[in-house]
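Hi,

Here is the structure I promised to pass on to you. Have a look at it first, and then read on for what turned up.

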Amino acid sequence: MPTLDYRLAAEFWGLAEDPRLALLVNSVVGGIPAYHREFTLGDVPNGAADFDDWVVRNVLNPSRPLFGEARFLLAEEPDLRDIALYHGVLSAIATGNHTRSGIAGYLARKSTDLGHALTVLEDTGMIHRSPDAFHGKRSAYRIAEPIMAFYHAIMRPEWTDLERPGNAARVWQRSEQTFRSKIVGPHFESVCRDWMRWYADPDSVGGHRTSVASGSVADPTLKRSHELDVVVFGRDDADRQTVLAIGEAKWGATMTSGHVERLRHIRRLLADRGVSGAANCRLLCFSGAGFANELLVAADNTDEIELVDGHRLYHGA
C-alpha cells in the first residue's frame, strides 16, 4: 500500500512549518498514517528540542507498538523463510552497504549467494533497487520503509539493552551519531531526489525532467569514484536522454563554494566522457544546515547553481 510522501506526511503530523523537525520524524517513521494516530497515540515532538525524548518515549519504548514493528513486518511475510538471512541483508543495507558486493562482504558470504534473498526482499517491498545513473549494470539497494532502516541500524544492535527498562535514553545517546550518518543523511538524500522528481519547477533544473537517480563517476586521474546524490535526466530536441543537473546533498554540513567546485569537476569528467548535456548542466546544492555567504552570493549571480534548503524542499519549487 502506498504511503504518504514526505510533504503529505509533514502535514499529517502537523510539522509542515518546521521542515527540519519534519524530516527528522519522517526519517524514523516514514509516511504510514497509523504510526501517528495508533502507534504513538498522537504524540508529536514539541519542537526540535523534544525530538530525542520523542524517540525514547515512542520508538525505543518496549511498551509502545513501534518498538516491535519492524520485527513484526518481517515476521508476517510468508515468503521470508530464512529470517536470519533477511535480517542480515537489511542490517547490511541499513549500515551503509548498498551494493550486492558490499552486502556480501558485510555478511561474509559470496555475492552469488544473495540473489534469491535480494529478489524476495524486493518483491515483498522491503527494499528497492535503484540503477546507477551512469552504470546500467550497477544498482544501489535501499530499505523502503524508514522504520525498518531505523530498527536495523539503531535498535537491533542494542536489542538486549533496549528490552531492559530504563536503558532507552542511554542507548539513544550513544546511537545518535549512527542515526545522523546512517539514517538521516541517506533519508535526506532520498527526499532531495523526490523533490527534484515531483516538486521542482522545470526552471530550477533547466528543463523538463524524465527521471532522477543517484550515481557514481569514475575519475581516472585520481583513481577513485565520485558519488552524486542527485542526477536529473531529461530529453533533448532529438529525443535523446540528456543530463539536466547533478547535485550533492548534505544534511549536517554548511555547504560552501568547495562543494560547487567538486560538482564542476565531476561535470567536466562527464563532459569528457561525452555524456549528453553534461557540459552545461545545472549544479544543485541541497543542505539541511544552510549555505556559506560566498555560495549564496554566487548563486544569486548565476543560473548555474541552485540552492535548496529545508523550506524549499517542503514549500517551494
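Before we start, a word on names: helices (H or I, at least four residues) and strands (E, at least two) are DSSP runs, numbered from the N terminus. Please also keep in mind that this is a predicted model.

Let's begin with helix H2, which covers residues 19-29. Is it enclosed or open? Of its 11 residues, 10 are buried, so the helix is largely enclosed by the rest of the structure. Among the buried ones are Pro 19, Asn 26 and Ser 27, along with Leu 21, Leu 23 and Leu 24.

What do these buried residues pack against? Their partners are helices H1 (6-12), H3 (34-37), H4 (51-58), H9 (146-155), H11 (168-198) and H15 (310-315).

- Leu 41 sits in the loop between H3 and H4, and its phi is about 55°. Is Leu 41 buried or exposed? Exposed means over 50% relative accessible area, and Leu 41 reaches 63%, so it counts as exposed.
- Lys 223 belongs to the loop that links strand S3 (209-219) and strand S4 (224-235), and its phi is near 55°. Lys 223 has 78% relative accessibility and therefore counts as exposed too.

Best wishes

Definitions and conventions. Residues numbered from 1 in each chain as written. Predicted model: local features only at pLDDT ≥ 70, side-chain atom pairs only at ≥ 80, totals over all residues. Heavy atoms only, no water. Buried < 20%, exposed > 50% of the residue type's maximum accessible area, 1.4 Å probe, protein only. Contact = heavy atoms within 4.5 Å.
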